[in-house]
Amino acid sequence: MTVEVIQKVSYETIDEKISTLKSIDITILKSRLIRGCILKDIKDKKEYINVDSEGSTSWYQFLEAIGIEAETARSDMRIYETFWELLEKYPHLTPNLKYYRLKQMLPLVTGAEPEHKVVELLEISTIANRRDFDNTIRELKGLVPTDNCIDVINCNKIKQIYEKCTYCGVYIRREDLE
């Protein structure tokens, strides 16, 4: 499905769009991208005004009426805007790509970076295990990756020591116990 096909999936009315939004399986990445597209279309055209029985006048009232959190809607729309064209251009990336990884990449992809850099990051996200991917994200954000500490025992950096309750399993910083 191309962007144009999604936008022309024959939604005659806002009610059809809302029905589609409610029936989307959010566990499937492509469905989340479609949801982002539909939400963006509704928001851009301001079709959310006076849709529900209470006569919603704002985007947030509309989202509450259809049962989608505002932050989730924002993420879905941004992920759609940021990654859809690339995923259409490089369909081999889609089968192993996870939504939460796209969400983690959002702050790193501003639109100013070259396409090949974003594709490289997408490729890393499809093949890397969770720890490696998280460390890649940490590095790109300018943080120290967790696998970079050479010698944890002899490291002279400040450490936090935690104790675990054997009864309930909660972790507490040792300094909070003192």
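Helix α2 (residues 14-23) and helix α3 (residues 29-44) have axes that come within 10 Å and cross at roughly 150°. The two helices are therefore roughly antiparallel to each other, a class for angles over 145 degrees, with under 35 being roughly parallel, 65 to 115 roughly perpendicular and the rest oblique. Axes are lines fitted to C-alpha atoms, for helices over the stretch in contact, and angles run from 0 to 180 degrees between N-to-C directions. Helices are DSSP runs (H or I, at least four residues), numbered from the N terminus. The crossing of α2 past α3 is left-handed, that is, the near helix is turned anticlockwise from the far one by less than a right angle, whereas clockwise is right-handed. On α2 the contact (heavy atoms within 4.5 Å) involves Ile14, Lys17, Thr20 and Leu21, and on α3 Arg35, Ile38, Leu39, Asp41 and Ile42.

The model is predicted: local features need pLDDT of at least 70 and side-chain atom pairs pLDDT 80 or more, while totals for chains, interfaces and linings use all residues. Residues are numbered from 1 along each chain as its sequence is written, and side-chain values use heavy atoms, with hydrogens and water left out.

Helix α3 also packs against α4: their axes come within 11 Å and cross at roughly 140°. That makes α3 oblique to α4, and the crossing is right-handed. Leu39, Ile42 and Lys43 of α3 meet Trp59, Phe62, Leu63 and Ile66 of α4.

Helix α4 (residues 59-66) in turn meets helix α5 (residues 70-89), with axes within 9 Å that cross at roughly 100°. That makes α4 roughly perpendicular to α5. Trp59, Tyr60 and Leu63 of α4 touch Ala70, Ala73 and Met77 of α5.

The table divides the contact residues by class (nonpolar: Ala, Val, Leu, Ile, Met, Phe, Trp, Tyr, Cys and Pro; charged: Asp, Glu, Lys and Arg; polar: the others, Gly among them).

| Contact | Residues by class |
|---|---|
| α2 with α3 | 5 nonpolar, 1 polar, 3 charged residues |
| α3 with α4 | 6 nonpolar, no polar, 1 charged residues |
| α4 with α5 | 6 nonpolar, no polar, no charged residues |

The lining of the largest pocket has 6 nonpolar, 1 polar and 3 charged residues. Helix α7 gives the most to this lining, with 5 residues.
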